[in-house]
There are 2 protein chains.
Amino acid sequence: MLAEVSTPPVVILVRPQLAENIGMCARAMMNFGLVEMRLVAPRDGWPRKGAHQAASGAGSILETARLFETTREAVRDLNRVYATTARERGQMKPVVTAEEAADDMIGLADARAGVLFGPERMGLSNDDVALADRVLSFPVNPGFRSVNLAQAVLLVGYEWWKRASGGRAPMAPGRTPRPATREHVLSFVDFVEAAMDKTGFFYPLEKRPIMARNLRNIWHRLDMSEQDVQTLRGVFTSLVNALRSEVRPPPPVDGKDGDPSA
Amino acid sequence: MLAEVSTPPVVILVRPQLAENIGMCARAMMNFGLVEMRLVAPRDGWPRKGAHQAASGAGSILETARLFETTREAVRDLNRVYATTARERGQMKPVVTAEEAADDMIGLADARAGVLFGPERMGLSNDDVALADRVLSFPVNPGFRSVNLAQAVLLVGYEWWKRASGGRAPMAPGRTPRPATREHVLSFVDFVEAAMDKTGFFYPLEKRPIMARNLRNIWHRLDMSEQDVQTLRGVFTSLVNALRSEVRPPPPVDGKDGDPSA
């Protein structure tokens, strides 16, 4: 379904070093619906042990990953290429955030976008960056810019998925509890006010209207569900009943009418 | 500076299992300006070897992390608490995305927010979630929801930082090259058209206006800088010069006037 709206960007790992990081990139991709990984000259060859375990269930992405000798070969069929980098390159390319890149990718429709990610320690070379149309940079703490490889992939995927899916939380709709009817809420409010009248809560009496209004505002602010109303009504009923037994006449001297639980 | 606008949320790792993951959470936090980590009953105790190496320079966050026995103790002083979870909990709490939570946190000003993250495999318990005001859930591929612990922390930090910092890329402003003056661009366009007139490019002649306009549109779409104009002008000059030597009269038979590089 999503593919009809926008083709997910290709993730291109250029000279990645650790198999575990390649696996974690696959996992991050799958979290956000990216499917195609390309590897340019992985330092230790490919395939490598350790990648699958780190992929944690996203092994299918590793199995279909394509291997290239050069970055140029890896981007040949793509219509738009982004180079992720945290440093200035002086290449005079437009710099976009992951969010802006996602908007841009969605606009490409079925044209294909790819994102270049450099090796763990040194990032992309200037020659790699030169192959890109745009530089992609994350808004990040300027005092600590080094983002882990899989986390950079994650942020690109996350922003793309937010745009492609509408960005809603994955919970089923209707999670917000259905509010109680006003009738139930008001009946509860009246019940509580009557109880408070009995306890002498509204004192002095000339302040009763404003005190009652404040109390009502609290109840309404709760956005109560039917269940909430029932629960709170139970709480007050229980207090009122306990109160009644408190203020009832003292038991006879032999104590036979006393409440053993009191 | 940022602290005056909004206090970063506290990251609360509940019963985390692997020291390496705790370290990677610290790194993700520092990438996005989060400073306070709390640990609730880490499985293998605390401090632990391996955390610092994974933190990759964010060790200060680990050193100041506070240890708690229960989640309840860890959230006591917070004004708003979010529970990250990918599963339905049936707790009838409002569900927000990381983006919505970030907006909400920024609105809290100096009141303190905290985010609960569950153990790697099983996530938060229902009792942990019950301590929260809101459920925080990521828009994620419904077929692959399991987000790595440090990556969940990263997304919360990323969205908070985007709101708190204005979300711009960290490059210095003015990275977009200064466009060339229209005068330079038009002078270049004229130069190219004159050259093309000489080559017979504009053929048939009645199509010259539309062909010239199409070509001009291409040049303008390039958003050329002064440097770009100079470079392209050099390219055409070089072609035009080569062309002149091509079409000059053939050399005398002894070849002495010939161009040895032709």
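The model is predicted, so local features need pLDDT of at least 70 and side-chain atom pairs count only at pLDDT 80 or more, while totals for chains, interfaces and linings use all residues. Residues are numbered from 1 along each chain as its sequence is written, chains are lettered from A and ligands numbered from 1 in the order written, and side-chain values use heavy atoms, with hydrogens and water left out.

Chain A is assigned domain 1 (10-164) and domain 2 (182-246), with bounds taken from an automatic or database domain assignment. Taken over C-alpha atoms, the centres of these two domains of chain A sit 58 Å apart.

Helices (H or I, at least four residues) and strands (E, at least two) are DSSP runs, numbered from the N terminus. Helix H6 (residues 98-107) of chain A has Ala98(A), Ala101(A), Ala102(A) and Met105(A) buried, where buried means under 20% relative accessible area, exposed over 50% and partly exposed in between (1.4 Å probe, protein chains only). These residues share one side of H6(A) because they cover an arc of only 100° around the axis, the arc being that of the directions from the helix axis to the C-beta atoms. Their cover includes strand E4 (80-84) of chain A and helix H8 (149-165) of chain B, going by contact, meaning heavy atoms within 4.5 Å. Just after H6(A), Ala109(A) takes a positive phi of about 55°.

Over in helix H2 (residues 19-31) of chain A sits Arg27(A). Arg27(A) is buried but has no salt bridge, with the nearest side chain of opposite charge, Glu20(A), 9.3 Å away. Here Lys and Arg count as positive and Asp and Glu as negative, with His and the chain ends not counted; a salt bridge needs a side-chain nitrogen of Lys or Arg within 4 Å of a carboxyl oxygen of Asp or Glu. The Arg27(A) side chain does make a polar contact with that of Ser146(B), at 2.8 Å. A polar contact is a pair of N or O atoms within 3.5 Å; within protein, one must be able to donate a hydrogen and the other to accept it, and residues adjacent in sequence count only if both atoms are side-chain atoms.

Asn148(B), in the loop between strand E7 (134-136) and H8 of chain B, counts as buried because its relative accessibility is 11%. Beyond four places in sequence, Asn148(B) touches Met24(A), Arg27(A) and Asn21(B). Asn21(B) also pairs with Glu120(B) through a side-chain polar contact of 2.8 Å.
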